[in-house]
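Please open the structure in a viewer and keep the sequence beside it.

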Amino acid sequence: MMTLQDKWDELADIKDELAARDWFMGTSGNLAIKVRDSPMEFLVTASGKDKKKRTSEDFLLVDATGKPVENTPLKPSAETLLHCAIYRETNAGCSLHIHTVANNVISELYGDKGSVDFQGIELIKAFGMWEEDAILSIPIIPNYAHIPKLAEVFTTYISADKGVILIRNHGITVWGKDGFEAKKLLEACEFLFQYQLALHQIHSK
Ligand SMILES: CSC[C@@H](O)[C@@H](O)C(=O)COP(=O)(O)O
Ligand SMILES: [Zn+2]
């Protein structure tokens, strides 16, 4: 059986890997991993920390509403409600949110369209799309400073079978059945975004 410590270590390892890619600029980003189903509880990154550092105060346990389970001076991520929505609406075991230049620029380029679509590129297989003519459509939603409003809009775009939402000029959130799956989707998305930006540069010459 996986203990709380096992889950903590798993999330800490994922955090280190994403940090090594420089995906936590300026304290941005937040990560979560489900610890148990009933009552539903998950570990989430503490708010405002330098996520490139590994400390004993990196995560705290919260309930389905995003409230800390135990008395703690730590504050859960400001975007905990997005993770709550994912665990409420899906069977996900892990959810990851990062800000990169590539995901922000793509969200701005395709924001008015409401999605960015990928077809005929091998890496969409990371999303389980194996058919020749499959199209991966990543939804792009507006950003709202008011997190309950952002979570409300975000919830309407959660689809259990895809696991990715891009928030305009903000960042990407992915989720999967476990940490491995969520990280795979995140890496695939960032590859696709960089590919799309490179194509843009060529076409705009
Ligand atoms: C410091 S800019 C990024 C934040 O506003 C937010 O979008 C973010 O991703 C991190 O917030 P946090 O509360 O640390 O989880
Ligand atoms: Zn964010």
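**A guided tour**

Select helix α5 and colour its buried residues: Gly179, Ala182, Leu185, Leu186, Ala188, Cys189, Leu192 and Phe193. Here a residue is buried if 20 or more other C-beta atoms lie within 10 Å of its own, exposed if 12 or fewer, and partly exposed in between, with C-beta atoms placed from the backbone. Helices (H or I, at least four residues) and strands (E, at least two) are DSSP runs, numbered from the N terminus.

The model is predicted: local features need pLDDT of at least 70, side-chain atom pairs count only at pLDDT 80 or more, and totals for chains, interfaces and linings use all residues. Residues are numbered from 1 along each chain as its sequence is written, while chains are lettered from A and ligands numbered from 1 in the order in which they are written.

Next, select residues 101–110, helix α3, where Asn103, Ile106 and Ser107 are buried. These residues lie on the same side of α3, because they cover an arc of only 100 degrees around the axis (the arc of the directions from the helix axis to the C-beta atoms). Val101 and Glu108, on the other side of α3, are exposed.

Now display β5 (115–119), β6 (135–141), β7 (164–167), β8 (171–176) and α5: the buried residues of α3 pack against them. Contact requires C-beta atoms, placed from the backbone, within 7 Å.

Finally, move to Gln5 in helix α1 (residues 4–20). Gln5 counts as exposed because it has 8 C-beta neighbours inside 10 Å. From Gln5 to Lys49 the C-alpha to C-alpha distance is 20 Å, across 44 residues in sequence.

Key:
Two residues are in contact if their C-beta atoms, placed from the backbone, lie within 7 Å.
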